[in-house]
Every structure is written in structure tokens, then in C-alpha cells.
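Dear colleague,

Please find the structure below, handed over for your work.

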Amino acid sequence: MEHDVTQTQQSPGLPGSAVWMLKSLEGEVRPVALSVARHLRDGLPAETEGFEELIFTAVHGAMSHFIDLGLGRAAPYTAIDDHFRKVGFKVAAMGQDRALVDLGINMATSELWDVLRRRAVENELSAAALNALNEMMSSYVEHLAKQVTTGFGAGTEARDQDNDVARARLIERMLSGASLDEIEMQASLGDWTLPEKVTVMAVELRDGDRIAADALSPTALTRRRDPTQVVICPPDDAEAVTKELRAAAPKARVSVCWPVPPEDVPAAWRWANRALALVNARVIPAKPVIDCLAYRTEIWLHAEPVMRRQLAQELLEPLLAESANSREILTETLLVWLETRESAPAIAAVLGVHPQTIRYRWKRINELFGESLRDPEFVTQLLLLLKASVPLWVAGDQSDFDRYQQQTG
Amino acid sequence: MVLQLIILVAGAVVAYVLGAGFPRLVASRVGRRHGITSVPRPAWAVAARVDTVVLDRWGTVTTGRQKVTSVEPLDPDHLRNLRWFAGALEHEAEGRLARAVARLSPRGKVADFAVVPGSGVKGAVDRHPVRVGRPSWVGMTERTDHGTVLGVELDGRPLGYLVVGDELREDASTSVAALVAAGVTPVLVSDDTARNTEHLAGACGIERWHPEIAPEKRERLVAELQEQGRTVAFASSREVDAGVVTAADLAVGVAGGAARDDAVRLETLDVSRLGALFALARGVVAGTRWGRLAAPVPAVVGALLVALGLGSLPLAGAFALLCLISASVAGAVAVLRARNLSRT
């Protein structure tokens with residue numbers, strides 16, 4: 001079927017006014033194609049790096065060819081079809097979905113049709129002429145979509161033969177929460193033995209660095225995935241891979257999540273990145289390698305920052321009239337007491353102060369919170385809240401209270 | 001016979017001369033046991049004549065230290081907190097008042113300590129901001145208690161009051177009464193307020209007192225007393241009183257302290273010790289007198305025996321020795337009696 005349409009096509013017999021309008025567009029093909037290519041680059045939900053030229057060439061060629069066809073000129077399809085097959089091939093090779101190409105074609109078609117329609121209004125084109133133009137454009141786009149499908153199929157076939165591409169796709173599938181069946185299939189295509197559990201790491205690199213896959217063991221999968229670089233490996237290899245990461249990028253910070261089943265990789269990836277964010281917020285100590293398991297509570301409690309802040313403002317309302325220093329001291333003491341339920345001397349030893357200071361603080365806490373401290377639900381919420389928040393406040397982040405005071409005046 | 005008389009006369013003369021020194025020896029020995037470290041020879045006679053003693057507040061009727069006489073938290077539950085935070089902060093400060101407050105608690109972790117002249121001290125104890133000083137400085141009402149009233153503020157809130165006063169010697173009033181009974185009039189001079197000085201004088205039974213008295217005023221006070229025909233002793237351990245000490249008839253200072261060379265030195269200026277000094281001095285004077293009276297008596301007896309033809313050289317020697325013994329015993333008994341009397 002494609003063989004037929006790649007031949008020189010006859011003029012579609014457009015009305016004269018439409019032909020005249022198309023002719024007037026000939027000189028504007030390049031700027032319009034550039035605009036469309038730019039909008040595709042900005043609007044598509046995937047990286048188009050190294051791909052812009054091909055998109056521009058395809059759009060530019062398609063517009064010129066369409067005008068030639070409309071003007072009844074001899075216009076072979078060969079070059080245009082080839083461009084669009086290449087686009088389909090490349091998208092498949094990148095491990096992206098076919099839907100991305102369809103989205104791109106729809107965006108481009110919609111923008112070009114807008115251009116034609118505006119021009120038609122300016123030239124007072126008749127409705128019949130505009131309909132004819134629309135039909136011609138629809139059939140033309142349909143033809144191009146078929147070329148993309150052909151290219152995408154070829155690209156998919158080639159991609160499945162390519163280990164690196166298959167592994168890149170495997171990472172994408174795992175991070176996007178694909179089913180275990182699909183992950184297993186992609187793992188086998190990428191020649192990667194899927195363990196029962198995997199370790200997910202988030203590597204925070206400086207100045208847009210990347211760590212090449214060949215810098216790590218063959219059992220490790222890695223790819224740049226904002227905001228960090230992801231590394232997935234069997235749990236047994238995690239230590240060795242961590243050392244390799246440190247050797248490849250000594251200034252990088254690695255957040256190592258505890259082993260999870262492959263279908264939980266998206267969550268593990270989120271946790272590992274949250275741990276890095278908490279390091280930057282000074283909630284977690286800034287070590288080169290962050291063992292997420294040791295900070296599981298903090299990672300969990302900071303999952304909902306807005307809820308945490310609202311809870312802080314609600315539960316700790318009695319403290320809002322206190323100075324920042326007093327708030328920090330009292331909450332720190334309250335947290336240790338809630339965690340240990342120890343005597344004043346024991347808490348004093350933990351905090352490095354005199355036992356009488358603890359008794360004083362405890363009296364102040366009781367004055368401020370009163371009977372609430374006998375409510376088990378309040379105490380449980382308070383413990384979790386303080387566990388999450390005290391490190392933030394101690395690190396100097398008083399935004400929870402500042403925001404509340406701004407709201408209440 | 002002539003030789004026997006010469007021996008007797010020589011014994012009497014020697015006993016007369018030595019008899020004057022023996023009471024001083026006994027008094028010095030007894031005095032050391034009672035904390036009277038050194039008394040220059042001429043000072044004994046002056047001390048025996050003293051009828052007025054000017055007592056500096058520090059170390060005489062008081063121990064020289066101050067103590068917290070009252071701890072009054074605004075909320076009774078904060079009693080221990082008041083003691084702890086104020087005490088911990090004052091460990092960083094200097095002076096009698098700071099030491100008195102510091103004794104309320106052990107040392108703590110204090111940061112950002114600073115002295116605010118004329119107001120008090122401030123700092124952070126275990127990261128809690130604390131201020132101790134004049135009540136008005138920490139936003140509290142001034143009070144009129146005896147002693148020094150301090151306001152304590154914790155975490156920006158008033159916590160309570162501390163009152164610091166002089167630590168009176170336990171036997172101050174009985175010692176003062178003994179002095180008065182011995183004919184010595186005590187006069188209290190103090191660098192404290194009139195109210196506090198009056199209170200202190202009343203507490204130990206002193207009728208005459210002078211508050212906030214500067215060194216030059218103290219000197220004038222001593223001169224006035226001397227003009228009234230009094231023999232004035234001045235007891236002080238303060239260096240600023242050096243001029244006053246010079247003007248007084250008798251200077252009494254502490255061992256190792258700054259005082260003039262002819263000053264009597266005591267271990268402390270405890271008023272009971274001053275009483276002992278004056279009693280011993282009077283004993284020395286009496287002992288000297290009695291010793292000199294007793295010294296020739298054995299010689300006279302010996303001379304009578306010689307005149308009756310009962311004498312011999314060994315007997316003359318024995319009576320000469322007896323002169324020395326009788327002078328010594330008479331002097332010693334007078335000194336010891338004076339000391340015993342002073343205890344009553």
C-alpha cells in the first residue's frame with residue numbers, strides 16, 4: 001500500500017482560491033516549521049535532545065510537500081516518508097511509547113491547521129475551499145502516521161536486539177510502576193537477571209555530571225533520571241556498586257534504599273530521593289552514603305510536608321507564643337521524653353543538661369499542653385510530628401511557625 | 001655576808017626586769033592558741049587601754065561572707081528552679097554576693113555570661129536565658145527587705161526574689177556583750193545602707209553604728225573618738241582602710257593582710273577574738289605589775305635571814321632564784337586570770 005502512495009500524486013483538484021492561498025504560504029514554510037519544532041520540543045513529555053533537527057526536517061519537508069501537492073506539482077513521497085519512518089524508528093529506539101509520536105503529530109497538525117485557518121479567514125476563503133483543504137490535510141497526515149508506524153515497528157525490533165536500549169527501557173518500566181510480568185519481559189530482553197528483590201539508589205551528582213553504565217558492575221542498571229541518577233542492582237551487589245559509584249564520582253552523594261521487590265521500585269526511588277532532600281534540609285546527617293534504612297522514620301514522616309506543617313501548627317499551638325529558642329528547647333525535651341519515658345536525670349544525661357533544668361522544662365510543658373498530654377492519640381501524633389520536625393527546627397528552619405504567625409498576624 | 005646580800009639584790013633586780021617580760025610570753029602563748037597570731041611588744045600596753053573598738057562589718061560580727069536569707073519564687077512550684085538557675089549563673093560571677101547565690105546550686109553549663117554594671121548579671125543556663133539583678137531591671141517590683149534583694153528572670157519571665165544578707169557570727173551578740181561588760185565600746189562601720197547597718201548592729205547588740213562610711217569618714221570618726229579621750233582600736237581587713245588604721249591607737253588586722261607594721265594580727269577579726277586580745281593585754285599589764293611587786297619579796301626575806309645570821313651563800317642563791325620564780329608566777333597568774341575572766 002505504501003508503495004502506491006510514494007508515487008507522484010495527482011493534484012487533488014483544490015478550488016482556485018485554496019490553491020492561491022497555499023501558494024502565498026510557500027515563503028513562510030521555514031519560520032512556521034521552526035515554530036512547530038520548538039513547540040514540540042517544549043510540549044512533549046520526553047527528552048528530544050539530539051532529535052530536534054530530525055523533527056524540524058520532517059515538519060519542514062512535510063509542509064513543503066503538502067503545498068507542492070496542493071499546487072499540483074510533481075512531488076515524490078520518498079524523502080518525506082523516509083523522514084517520518086526515521087522519526088518512528090528513533091522514538092522506538094529511545095524506549096519511548098508510540099503514543100509520544102501520536103501526541104507529536106497531533107500537536108503539529110493542530111498548530112498547522114490553525115495557521116491555515118487564520119490565513120483562510122484573512123483571504124476570505126469559502127467554506128467549501130476550506131473543507132477541501134481539510135480533507136486533503138487529513139489524508140496527508142494519515143499517510144504520514146502510517147510511515148511513523150512502519151518506522152516505529154522497525155525501531156522496536158532493533159531496540160529489542162540492543163541490550164543498552166533494552167536495559168534503559170527496563171529502568172523506565174520499573175520506575176514507572178510496570179507489572180512484574182512486563183518487568184520480567186524487559187529484563188530478559190536486556191539480558192538482566194531479575195532478582196527477587198532489588199536495591200535502588202539515587203545518586204546526587206554535581207554540575208550535571210553523569211555516571212556511565214560501564215563504570216559499574218554489569219549487574220547494575222543506571223540512567224540519568226531527574227532529579228538524580230538512578231542505579232538499580234541486586235542487594236548482594238549493593239556494597240560493591242556503592243564503592244564503584246564513589247570511585248566514579250567522589251563528590252557525589254549516594255542514597256541507598258533498602259531492598260524492595262521489583263514492582264516497588266517507584267516507591268524506593270522516591271524514598272531514596274527524599275532522603276537526599278532531607279540531607280539538604282539538614283534533617284539527616286550529610287554523609288557521602290546515606291543508608292535509608294537508618295532514616296526510615298524520617299523518610300516516612302516527611303512524605304507529606306504540607307500535612308506535617310499543618311499538624312505542627314495545630315498540635316503545637318501552645319508553643320507559638322514562645323520564643324524560637326524556647327520552642328526548640330521544649331520540643332527537644334518533649335521528644336526525648338516521649339521516646340524514652342525516662343526520669344529527669346536520664347533525660348538530662350541524654351540532652352547534656354542538669355536534671356533540674358529538665359524538671360523546669362517539664363513543668364513548662366505541662367503548663368502549656370495541660371491535659372492534652374494524657375490523651376493517647378494526641379501523644380502518638382505529637383511523637384510522630386516531633387520526630388519529623390525537631391531536626392528541622394534545630395537546623396534553624398522555623399518556617400512552620402513563621403508561616404503560622406504570618407497567617408494569624 | 002656582803003656577798004650574800006649582793007646575790008639577793010642581783011636576784012631581785014633580775015626578777016624585776018624579767019618579770020615584766022614573762023606575762024607577755026605567757027600571753028603570746030595563750031593568745032596563739034586563741035588565734036592571736038602576733039602582738040608587737042608596745043601593742044600590749046595600748047591594747048590594755050583600749051576602751052573603744054571600731055569594727056568593720058566584714059569578718060568582725062559577720063563571718064565575712066554573705067548568705068541567701070530568703071528564696072521566694074513567684075510560683076511556689078518554682079522554688080528549686082529559682083535556686084538552680086540563679087545559682088548556676090552566679091557561679092560565673094565574682095564577689096561576696098555572687099558567691100552567696102552560687103552556694104544555692106552546683107555549677108551548670110553557662111553561656112554568654114555578662115555583667116551589666118549597676119544592674120546585675122545575665123547569661124544562658126542550659127540554653128535558657130537567665131538574668132539576676134535589681135528587681136526593676138528584670139521587670140519586677142522593688143522591695144524593702146533587709147539585705148540585698150535580687151530579682152531573677154528565666155526565659156523572659158520573672159521567676160522570683162532572692163534576698164542576700166550578712167552571715168552573722170553565731171556568738172556575735174554574746175561576744176559584743178562581753179566586750180561592753182569589759183568596758184570596751186564597740187562601734188560598727190559598714191559599707192552597706194543605713195537600714196541594713198542598723199539591722200546588723202541591732203542583731204548583735206551594738207548601739208553605735210555608721211553606714212556607707214567612706215575611708216576618709218572612718219578616719220574622721222576615729223579622730224573624733226580620740227578627741228573624746230578614748231583609746232581607739234580599729235579592726236578591719238580591708239585595704240582601703242589603711243589610712244584609718246594608721247590614725248587609730250591600735251590597729252588590728254588579719255594575719256597576712258595589709259596593715260601597718262605595729263598592728264596586732266589575728267587569724268580572723270572575730271569579735272570574740274578581739275575580746276580575748278583586750279583581756280590578755282589587760283592581764284599582761286596586771287601581770288607585769290604583780291610580777292614586779294612579787295619579785296623583791298623573797299630577796300627581802302633572804303636579807304632578813306642574813307641579818308639574823310642565819311644566811312649562807314646557798315641560801316642566798318636559793319632566795320635569788322625564788323625572786324625569779326615568784327615574779328613569773330605572779331605575772332602568769334595575772335595573765336591567766338585575765339583570760340579566764342574574759343570568758344565569763
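**Helix packing in chain A**

On the side of α14(A), the contact is formed by E332(A), T333(A), V336(A), W337(A) and T340(A). From α15(A) come A346(A), I347(A), V350(A) and L351(A). By class, the residues of this contact comprise six nonpolar, two polar and one charged.

**The sheet and its helices**

Chain A also holds an open sheet of five strands, ordered β2-β3-β1-β4-β5, with mixed pairing. The edge positions are taken by β2 (221-225) and β5 (289-291) of chain A; each has a single partner strand, so one side of each is left without a neighbour in the sheet. On average, neighbouring strands of this sheet are turned by 20 degrees against each other, direction ignored.

Within the sheet, β1 (residues 199-204) and β4 (residues 253-256) of chain A are paired in the antiparallel sense, with four bridges between them. For E204(A), the bridge partner in β4(A) is R253(A).

Two helices may be noted here. Helix α10 of chain A, residues 238-248, lies across β1, β3 (228-233), β4 and β5 of chain A, and runs at about 165 degrees to β4(A). Helix α11 of chain A, residues 265-280, packs on the sheet and touches β1, β3, β4 and β5 of chain A. The direction of α11 makes about 35 degrees with that of β1(A).

**The contact between chains A and B**

The contact takes 10 residues from chain A and 11 residues from chain B. On the side of chain A that touches chain B, the elements giving two or more residues are α14 (324-340) and α16 (355-369) of chain A. The largest share of that side, four residues, is contributed by α16(A). Sorted by class, the side of chain A that touches chain B has three nonpolar, six polar and one charged residues.

**Confidence**

The scores of the model are ipTM 0.77 and pTM 0.63. For chain B, the mean pLDDT is 89, and 97% of its residues reach 70 or more. Where pLDDT is low, the predicted coordinates should not be read in detail.

With kind regards

Note on methods:
Residues numbered from 1 in each chain as written. Chains lettered and ligands numbered in written order. Predicted model: local features only at pLDDT ≥ 70, side-chain atom pairs only at ≥ 80, totals over all residues. Pairing = 2+ DSSP bridges. Axes fitted to C-alpha atoms, helices over the stretch in contact; angles between N-to-C directions. Contact = placed C-beta atoms within 7 Å. Nonpolar A, V, L, I, M, F, W, Y, C, P; charged D, E, K, R; others polar. pLDDT = per-residue confidence, 0-100.
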